[in-house]
Amino acid sequence: MPGRQPLAHSRERTVAIAEELRMEHQAPSMVSLPAAPLRPYISHYWFSRNNRAPTYTVLPDGAVDLVVVAGYSGRQRADMYGTSRCRIQLVLELGVDYLGVRFRPGQSRHFLDAKAAELTNLAVPAHGQLVSDILAASECIDGDYIFAQLDRILSKHLARCSPQQSKLDSLIHQLSSCQGNFGQATSCKEEHAGSFHSVARLAATYGKSRRQFERDFVEIVGLSPKHFSQVIRVQRATRLLTHSQLSLADIAFDLGYTDQSHFTHEFVGFHGLPPSRARADVAFLQDTNQPVDHNEHSILT
């Protein structure tokens with residue numbers, strides 16, 4: 001993918017394509033957790049063989065992905081995909097294999113040269129020793145073993161380039177923690193309800209001005225802290241819509257929205273559909289694949 005490619009996000013086109021394609025066009029894929037020592041930095045690996053889907057829906061999540069595209073002719077490339085600000089539709093290549101590493105919010109800085117802020121809503125070619133090692137390993141992708149190879153490559157990279165922790169990491173974790181497990185929504189109510197003021201509190205904890213805190217946060221996450229907290233809240237709402245029977249009013253209350261109208265407005269801003277329509281089409285909300293542990297093939301524990 002030469003140069004910087006904007007991630008097109010026409011909301012009307014996104015909704016139309018999503019309604020048309022549905023699940024029958026989804027490519028078979030695998031999603032795996034990394035080895036335990038890598039989990040503070042990496043959310044999961046994913047692999048789609050012989051892609052049959054013309055498009056893929058991406059929801060905002062504050063994460064950066066490193067994606068390897070392998071074609072039949074042996075040609076390969078690696079791209080960095082920044083977080084998006086809203087639901088977007090990516091155009092995919094047919095008949096190729098896709099292999100991805102999804103970094104946790106703020107953690108791609110330990111592995112990639114580009115800052116998250118430089119990648120927001122963009123796809124950019126990836127280079128460097130780590131990328132070369134992953135491209136070499138993916139020349140012959142063999143099921144679960146590719147995940148073990150990623151474990152080894154990424155672990156060696158961390159041994160060479162020891163991660164430099166920042167106070168921002170704990171603050172990102174604070175904002176992210178409201179995703180939680182099912183049934184924990186009420187513990188986040190106060191934080192979400194006062195998200196504007198909570199940014200000021202987090203800045204005070206960070207020990208710098210609010211403006212400097214926001215600059216630093218955007219640099220390593222790609223989103224402002226307020227926008228990121230909104231993403232986390234919509235993610236939580238999405239999970240409740242999919243996995244619970246709570247009414248829309250109850251979800252809005254539990255997640256600290258001022259009312260159901262506020263919830264609907266924010267949800268539409270990210271998804272392009274109101275929650276009532278999205279709930280009726282679970283495939284529209286999320287992938288059905290959940291990360292599993294393939295570490296029986298890994299040398300790491």
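Leu-158 is found in helix α4, where helices (H or I, at least four residues) and strands (E, at least two) are DSSP runs numbered from the N terminus. At 13% relative accessibility, Leu-158 counts as buried; buried means under 20% relative accessible area, exposed over 50%, and partly exposed in between, with a 1.4 Å probe and protein chains only. The model is a predicted one, in which local features need pLDDT of at least 70 and side-chain atom pairs count only at pLDDT 80 or more, whereas totals for chains, interfaces and linings use all residues. Residues are numbered from 1 along each chain as its sequence is written, and side-chain values use heavy atoms, with hydrogens and water left out.

Leu-158 touches Leu-38, Tyr-41, His-110, Phe-111 and Pro-163, residues up to four places away in sequence not being counted; contact means heavy atoms within 4.5 Å. Leu-38 lies 120 residues from Leu-158 along the chain, and the C-alpha atoms of the two are separated by 9.0 Å. Leu-38 is also touched by Leu-154, whose other contacts, with the same exclusion of residues up to four places away, are Ile-42, Tyr-45, Val-101, Phe-111, Leu-130 and Ile-134.

The largest nonpolar core comprises 33 residues, of which Ile-42, Leu-66, Phe-111 and Leu-154 touch the most other members. A nonpolar core is a set of buried Ala, Val, Leu, Ile, Met, Phe, Trp, Tyr and Cys residues joined through side-chain atoms within 4.5 Å. Two or more residues of this core come from each of β3 (42–48), β5 (65–70), β6 (76–81), β8 (97–103), α2 (116–119), β9 (122–125), α3 (129–137) and α4 (144–160). Helix α4 gives the most, with six residues. A second, separate core has 29 residues, including Leu-202, Tyr-206, Ala-237 and Phe-270. In soluble globular proteins, nonpolar side chains tend to be buried together.

Eight aromatic pairs are present in the structure. Rings of Phe, Tyr and Trp (its six-membered ring) pair if their centres lie within 6.5 Å; planes under 30 degrees apart count as stacked, over 60 as edge-to-face and the rest as tilted. The ring centres of Tyr-45 and Phe-147 are 5.9 Å apart and the planes are at 15°, so this pair is stacked. Because Tyr-45 lies in strand β3 and Phe-147 in helix α4, the pair ties together parts that are 102 residues apart in sequence. Tyr-45 is buried, with a relative accessible area of 0%, and Phe-147 also counts as buried, at 1% relative accessibility. For Phe-217 and Phe-228, the ring centres are 5.8 Å apart and the planes are at 55°, so the pair is tilted. Phe-217 lies in helix α8 and Phe-228 in helix α9 (residues 225–243), so this pair ties together parts that are eleven residues apart in sequence. Both Phe-217 and Phe-228 are buried. Ring pairs link Tyr-206, Phe-213, Phe-217 and Phe-228 into a cluster.

Phe-213 is found in helix α8 and is buried, with a relative accessible area of 0%. Beyond residues up to four places away in sequence, Phe-213 touches Leu-168, Leu-171, Val-199, Leu-202, Ala-203, Tyr-206 and Pro-225.

Helix α5 (residues 167–176) packs with helix α8 (residues 210–221) at an angle of about 80°, the axes being 11 Å apart. Axes are lines fitted to C-alpha atoms, for helices over the stretch in contact, and angles run from 0 to 180 degrees between N-to-C directions. The two helices α5 and α8 are therefore roughly perpendicular to each other, a term that covers 65 to 115 degrees, with angles under 35 counted as roughly parallel, over 145 as roughly antiparallel and the rest as oblique. In this contact, Leu-168, Leu-171, Ile-172 and Leu-175 of α5 meet Phe-213, Asp-216, Phe-217, Ile-220 and Val-221 of α8. By class, the contact of α5 with α8 has eight nonpolar, no polar and one charged residues; Ala, Val, Leu, Ile, Met, Phe, Trp, Tyr, Cys and Pro count as nonpolar, Asp, Glu, Lys and Arg as charged, and the others, Gly among them, as polar. The axes of α5 and α9 come within 9 Å and cross at roughly 40°. Ile-172, Leu-175 and Ser-176 of α5 make this contact with Pro-225, Phe-228, Ser-229 and Ile-232 of α9.
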